[in-house]
Amino acid sequence: MTGVLTGRRVAFLAADGVEQVELERPRGALAEAGAETELLSLKDGEIQAMNGDIEPADRFPVDRRVGEASVDDYDGLVLPGGTVNPDNLRADADAVRFVREFAEAGKPIAAICHGPWTLVEADLVRGRRLTAYPSIRTDVRNAGGEVVEAEVVTDGGLTTSRNPDDLPAFCERIIEEFSRA
């Protein structure tokens, strides 16, 4: 799949507390497929990644604050998980607006693990089929989404997966979906 995403730009929206593997593996897979990726966050500087929500991992440089980013600059959006990361994002008006505008533009969005929390906040799961980490499935249902038990689910440009174990299927699917953008 090398080169299938050449010329495509993909935004990763993450904040402190992002699950490192859910940021790094999809970024690496998309870069290998030829995409240019950019890390958007709530603030300038760096974000602190975590391993398993409790162990500090690496820090990652932020390319641009989400409040300064334009949906028009990207062909795809990835929302990695970790518990704290999407909790920070869903409390930020600029992050929620960006995700909502991305969906309104008809561009593909991918979220893994707790990442769908931001989709819930942006009111994007109503009437959609998706999967998520078990502890947020009630939130997804309460927001009008249909939760299914699967490694990866795509519904109308929205791709979701449950946890880091699903990363191989998630990465393969997002390359496929973003290649259509």
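Reply: D87 and R90 stand three residues apart in helix α2 (residues 84-90), so about one helical turn separates them; helices here are DSSP runs of H or I with at least four residues, strands are runs of E with at least two, and both are numbered from the N terminus. The two side chains form a salt bridge, with the closest N and O atoms 2.8 Å apart. A salt bridge is a side-chain nitrogen of Lys or Arg within 4 Å of a carboxyl oxygen of Asp or Glu. D87 is partly exposed at a relative accessible area of 36%, and R90 is partly exposed at 25%. Buried means under 20% relative accessible area, exposed over 50%, and partly exposed in between, using a 1.4 Å probe and protein chains only.

This is a predicted model, in which local features need pLDDT of at least 70 and side-chain atom pairs pLDDT 80 or more, while totals for chains, interfaces and linings use all residues. Residues are numbered from 1 along each chain as its sequence is written, and side-chain values use heavy atoms, leaving out hydrogens and water.

R65 forms a salt bridge with D44, the closest N and O atoms being 3.5 Å apart. This pair links distant parts of the chain, 21 residues apart: R65 is in strand β6 (residues 64-65), and D44 is in the loop between β3 (36-41) and β4 (46-51). R65 is partly exposed at 30%, whereas D44 is exposed at 53%. R65 also meets E68 in a salt bridge of 2.4 Å, N to O, and E68 is partly exposed at 46%.

Elsewhere, salt bridges link R9, E36, E38, R64 and D73 in a network. The structure holds 20 salt bridges.
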